[in-house]
Amino acid sequence: MAISATQRPRMFRFALGAGSLCLLLVLKWLDWHYPLPAPYPDGPATVVTSRDGQQLRSFSDARGVHRYQIAVSDVDPFYLAALLNYEDRWFYYHPGVNPFALCRALWQWLAHGRVISGGSTLTMQVARLLDPHKRSVTGKLKQIARALQLEWHYSKSEILTLYLNLAPFGGNIEGVEAASRRYFNKSAHSLSINQSALLVVLPQKPSYHRPDRYPERAKAMRNKVLRRLADSQLLAPEQLTLLSQEAVRLEQTMQPPLAPLLSRRLKRQHPGQHVIRTTLDYTLQQRLSQLLANTKHRLTDKSSAAALIVHNQRAEILAYQGSVDFSDDSRFAHVDMIRAIRSPGSTLKPFIYGLGLDLGLIHSQSLMSDIPSNFDGYKPQNLTGRFSGAVSVTKALQHSLNVPAIQLLHRMGAERFEHQLRNAQVQLHHQDANLAVGLGGTGIELMQLARLYRSLASQGKVQDLSLISHSPGYPRPDFSLLSPAASWITFDMLSQLSAPDRVVPSNRRKIAWKTGTSYGYRDFWSVGVSPDYTVAVWVGRPDASPVVGYLGATRAAPLMFDVFDLLPQDTRNLTQPDQVRSVQICWPGGRASVNTPADSCHKQLQAYTLNGMTPPTMTSEGNFVTESQWPAELATWLASNNAPLLPNKDTQLRITQPRNGQHYYREQVSELRLVVSGAESASSDAVRWYINHVPHSNATLSLSDYQGDVVITACLAEHCDQQHIVIHP
């Protein structure tokens, strides 16, 4: 049967459509049966960065390759223009294969018997990087097929991004960003013209043209790119002349990793992430790392230190140093002491007093009984082994007296205190709630302590601290630990203490701070909070062996103030809440003076209260004294120890002899008397002396035993002063 003339076009269109459909189905089957290889089959080469993208630490993939993944927008525009001009001018127009370039390359190969120019597009180069092949006709056909497959699955921008991150640049470096940082110590966003030209051509023969090994070869290839750019009018002739004469200049640095322990932790938490951008401030992290490295020479063998800096308003960690020196294995450098669970010593005491304020049990000048006491079988002792008798809440907290803190904790209940911390998502590590928790009979991380102390500048609210920049779930929920009024009063009480060594800080700021020393002299803490920043410091031995002669006040506190000196000036002040009212109160009753008979008001003090509430004085058992009289146990103890019912006014402990910075010569002076002021109400043997951080048994220093720089420390309770002298032969 003959086909008419009118039927032929329809039959042709049908055959063409059917053939196209069959071809499409075949291609679809081939694509499904031979899928594109994964871009990163050996896992990500993770880079941990600061908040502004600067590299803190890099981790290779399973093949040992280092890569810093970036987007097209992160690369210098001139580099992109040079890359496309030199490698693939028609990149945005061809379907993955440029037939004219392939024909030209084939003709040159046949004419000269060797490869003169390549015909590969950028897409084909990406195809070879994803699926390597032999240099043969079969391999080239496979590369072409993969290139077409790439164009099917990816946009041009995505293909260019793959090239920017997969191109080899010598050794174990892949990607233009890693190469830029490796060879020029800068981001690919800031490349110069010559640097861009060199990185454009380097992937062609990365090992042969490595600029750190073969600078002249690299220069020759760079200049070839420059000439091509000049021919395309991307460079002026005079630029070409000047740039071609310039030597290949590298700026390679072998800087050790910053925040290495944090980077390791984040890498484990985010194993599939290429770039982990933290909240850390790069410059501040550098300075903190250097400060701790300088500090380690003043520590005993096997001792380490850790420090954390928090921005209070943003609840973000700005610097994180988990060990004193990551390169010193003798100090257990790979143990992250920020996340280690250790005994906090006295650092929880401020929150005992803060909760006592909220419960209406005390005000800032409530009379406390620092006397031998038995709390259901628990008999706390002060660090000095001595007692002060009648003390105010403020002085008890500032001097870190143990008995008053346990007196208050016993009254409110250890279970209630722990429940309040648990509600604020602060985890303590012990079996059962008990009074010993108030003196360090528990475990806690340094990061948790930083969260706690930040609440004193955040209206009593505890918030999770952020380590990942722009992390999901922001803003994070906060949990109420103390009322704004109680947190403000606690901050005020702690901020009245001056720095232990009286060094004038570079930025004068109001800092509420507290130290802690764990039982057995294993952990030494100091945590401080200003309106804008919280600084937490731990010093000790990671293996938990004791360091006799150390205290939180003599070892951790000076380091904490050094860290504060790294910080910029605070930009805000803490506003006194309306609920905080200053009220004149009377001792011994503790009530407002207007409600106390004149003959019962033996001493007047100005106290901060919550809404003007002035709870009466408590006995050691925690019962309120209903009459304006001394608690019976306190009065009995004072009488038996010939102590006055009203102690002398406390002044700041100071070393008055010898003077700071004084030089002494052994041929002229054989010994020095050690004298303090500000401890008039304490017996002379209550003051503890340390020479070069080692306990000293008396108040006389024999110069024959020392030479060079000598550190003299005096401590009363946990308040200390320190002087530095020099002894010459």
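Student: Okay, two strands count as paired if DSSP finds at least two bridges between them. With that in hand, which residue of strand 13 stands opposite Gly516?

Tutor: That's Trp525. One caution before we go on: this is a predicted model. The two strands involved are strand 12 and strand 13 (residues 523-529), joined by six bridges and running antiparallel.

Student: What's going on in the hairpin of strand 12 and strand 13?

Tutor: Five residues sit between the strands, and Gly520 takes a positive phi near 85° in that hairpin.

Student: Is strand 12 buried or exposed?

Tutor: Mostly covered, with six of its six residues buried. Ala512, Lys514 and Gly516 are on one side, Trp513, Thr515 and Thr517 on the other, and both of those faces are covered.

Student: Which sheet does strand 12 belong to, and what's the strand order?

Tutor: An open, antiparallel sheet of five strands, ordered 7-6-14-13-12. Strand 12 (512-517) is at an edge, and so is strand 7; each has a single partner strand, so one side of each has no neighbour in the sheet. From one strand to the next the twist averages 10°.

Student: How many bridges are there between strand 6 and strand 14?

Tutor: Eight, linking strand 6 (residues 304-311) and strand 14 (residues 533-540) in the antiparallel sense. If you want a pair to click on, Ala306 has Trp538 of strand 14 as its bridge partner.

Student: Which helix lies across strand 6 and strand 7?

Tutor: Helix 12 (residues 282-295) does, and it runs at about 30° to strand 7.

Student: Do strand 1 and strand 5 run parallel or antiparallel?

Tutor: Parallel: strand 1 (residues 47-49) is joined to strand 5 by three bridges. Thr49 has Arg277 of strand 5 opposite.

Student: New topic: at what angle do helix 2 and helix 8 pack?

Tutor: About 40°, with the axes of helix 2 (residues 77-87) and helix 8 (residues 193-201) 9 Å apart. That angle is why helix 2 is called oblique to helix 8. The crossing is right-handed.

Student: Which residues make the contact?

Tutor: Helix 2 brings Phe78, Tyr79, Ala82, Leu83, Tyr86 and Glu87, while helix 8 brings Ile193, Ser196, Leu199, Val200 and Val201. Sorted by type, the residues of that contact are nine nonpolar, one polar and one charged.

Student: How many residues of helix 2 are buried?

Tutor: Eight of its 11, which leaves helix 2 mostly covered. Among them are Leu80, Leu84 and Asn85. The buried residues pack against helix 4 (122-130), helix 6 (156-166), helix 7 (176-184), helix 8 and helix 9 (215-231).

Student: I was looking at Asn194. Where is it, and is it buried or exposed?

Tutor: Asn194 is in helix 8. Buried is under 20% relative accessible area, and Asn194 has 5% relative accessibility, so it counts as buried. Apart from neighbours within four places in sequence, its contacts are Arg222, Leu226, Leu243 and Glu246.

Student: What about Asn423, then?

Tutor: Asn423 is in helix 16 (residues 414-423). Because its relative accessibility is 39%, Asn423 counts as partly exposed. C-alpha to C-alpha, Asn423 is 7.6 Å from Leu481, though the two are 58 residues apart in sequence.

Student: Last one: how many helices and strands are in the protein chain?

Tutor: 20 helices and 25 strands. Of the 729 residues in the chain, 53% are buried. And of the contacts between residues at least 6 apart in sequence, 68% join residues at least 24 apart.

Notes:
Residues numbered from 1 in each chain as written. Predicted model: local features only at pLDDT ≥ 70, side-chain atom pairs only at ≥ 80, totals over all residues. Heavy atoms only, no water. Axes fitted to C-alpha atoms, helices over the stretch in contact; angles between N-to-C directions. Helix = DSSP H or I, 4+ residues; strand = E, 2+ residues; numbered from the N terminus. Parallel < 35°, antiparallel > 145°, perpendicular 65-115°, else oblique. Left-handed = near helix turned anticlockwise from the far one by under 90°. Contact = heavy atoms within 4.5 Å. Nonpolar A, V, L, I, M, F, W, Y, C, P; charged D, E, K, R; others polar. Buried < 20%, exposed > 50% of the residue type's maximum accessible area, 1.4 Å probe, protein only.
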